[in-house]
Amino acid sequence: MIRPSAILLAALIAAAPLSQAVAQDRGPRAERQQQEERRISVGEAVQRASSGRQGRFLGASNRGDTIVVRWEYPGGRVADIMVDARSGRVVGER
């Protein structure tokens with residue numbers, strides 16, 4: 001009679017080459033795809049939008065590839081600062 005632990009050990013040994021093959025498949029293509037999907041957080045977008053600006057943060061919203069940061073400048077003017085969600089660059093203000 002074969003012990004259950006021996007069966008489990010045999011199954012793990014048999015699956016090891018498969019898991020190595022899957023790990024090797026994560027090459028340059030998978031790494032490139034992961035970089036393309038990388039996005040900054042809303043908190044990072046707020047930090048980048050507020051850098052060098054006086055005033056106060058009012059709110060932020062994620063709109064796909066753009067994060068819009070609402071900012072109030074001294075004197076009461078309110079602006080929407082657009083931050084690219086992939087690169088983190090400030091791309092505009094209105």
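So, how many helices and strands does the protein have? It has 3 helices and 4 strands, counted as DSSP runs, with helices being H or I of at least four residues and strands being E of at least two, numbered from the N terminus. Going from the N terminus, the order is α-α-α-β-β-β-β.

Quick housekeeping. This is a predicted model, where local features need pLDDT of at least 70 and side-chain atom pairs count only at pLDDT 80 or more, while totals for chains, interfaces and linings use all residues. Residues are numbered from 1 along each chain as its sequence is written, and side-chain values use heavy atoms, with hydrogens and water left out.

On to the salt bridges (a side-chain nitrogen of Lys or Arg within 4 Å of a carboxyl oxygen of Asp or Glu). The structure holds 6 of them. One of these joins Arg39 to Asp65, closest N and O atoms 3.4 Å apart. Arg39 sits in the loop between helix H2 (28-37) and helix H3 (42-50), and Asp65 in the loop between strand E1 (56-63) and E2, so this pair ties together parts 26 residues apart in sequence.

Asp65 also has a salt bridge with Arg86, at 3.2 Å between the closest N and O atoms. Arg86 is in the loop between strand E3 (78-84) and E4, 21 residues from Asp65. Through shared partners, Arg39, Asp65 and Arg86 end up in one network.

Then there's Arg53 with Glu93, again a salt bridge, with closest N and O atoms 3.2 Å apart. Arg53 is in the loop between H3 and E1, Glu93 is in strand E4 (residues 90-93), so that pair ties together parts 40 residues apart in sequence.
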